[in-house]
Amino acid sequence: MKKQKALIIIKPDAVQRGLSGTIVKRFEQVGLTIIGFKFQKADEKTVIAHYPSTDAWFEKVGKRTLNNCQVKGIDVKDTFKTDDAITIGKQVKQWLITYFQESPVLVMAVEGYEVIEIVRKLSGNTIPVLAAPGTIRGDFSHDSIDLANETCRPLRNVIHASDAVEDGEKEVALWFTPDELFSYVRCDEKIMFP
Ligand code: GDP
């Protein structure tokens, strides 16, 4: 079985709140190997490339807000002036570009078996209010999607974690050059995976 790669970004809210070390520990203690690690100011071009500019991605994000509004009986047009999922997704991406440049971010590439499942499980739901206790988003944020939308900003949900095997490969290659990535074996692997 082959290992996979995932990209983790400790987002500006978590960096500014001094949570970086605590969050890195969550990934280390589960046994993932850190193969890349750097602190940097994200440039606009990289953030634009990081979040897809596809209708499928815009629609996924827009539908999150639409579903939430439907469940709570909120008129989505009050905030977004539209009920088109793709247009809403595009607006959220604009907010993300500003947010990612608010402070430095800590970017980390990790490797492990079924690493995408692991990093998403550790991260928790995108909407912190819905993220289970014990997950990073559940433990370190309680941001509300309604509040985020009302104040025209993305959910401040502490981290980014790759969501698919292909995305993990792509995102690691976007944020790291080959000479910034390292290959080594953690000494506890022979106990964890005999
Ligand atoms: P993730 O993979 O869990 O980070 O979720 P997505 O890739 O779908 O969304 C990217 C980021 O956009 C999220 O982490 C949030 O910061 C933000 N976001 C997503 N959906 C919404 C939304 O409906 N409203 C707002 N305000 N922000 C959102």
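Author: Of the 7 residues of β1, 6 are buried, so this strand is largely enclosed by the rest of the structure; buried here means under 20% relative accessible area, with exposed over 50% and partly exposed in between, using a 1.4 Å probe and protein chains only. The model is a predicted one, in which local features need pLDDT of at least 70 and side-chain atom pairs count only at pLDDT 80 or more, while totals for chains, interfaces and linings use all residues. Residues are numbered from 1 along each chain as its sequence is written, and side-chain values use heavy atoms, with hydrogens and water left out.

Strands (E, at least two residues) and helices (H or I, at least four) are DSSP runs numbered from the N terminus, and two strands pair if DSSP finds at least two bridges between them. Strand β1 covers residues 4-10 and pairs with β4 in the antiparallel sense over 3 bridges, with Ile8 opposite Ala161 and Ile10 opposite Ile159. With β3, β1 pairs in the antiparallel sense over 7 bridges, and there Leu7 stands opposite Ala109.

The open sheet has 4 strands in the order β2-β3-β1-β4, with antiparallel pairing; its edge strands, β2 (33-40) and β4 (159-161), each pair on one side only. Helix α7 (residues 115-123) packs on the sheet and touches β1, β3 (105-112) and β4, where contact means heavy atoms within 4.5 Å. The direction of α7 makes about 25° with that of β1, the axes being lines fitted to C-alpha atoms, for helices over the stretch in contact, and the angles running from 0 to 180 degrees between N-to-C directions.
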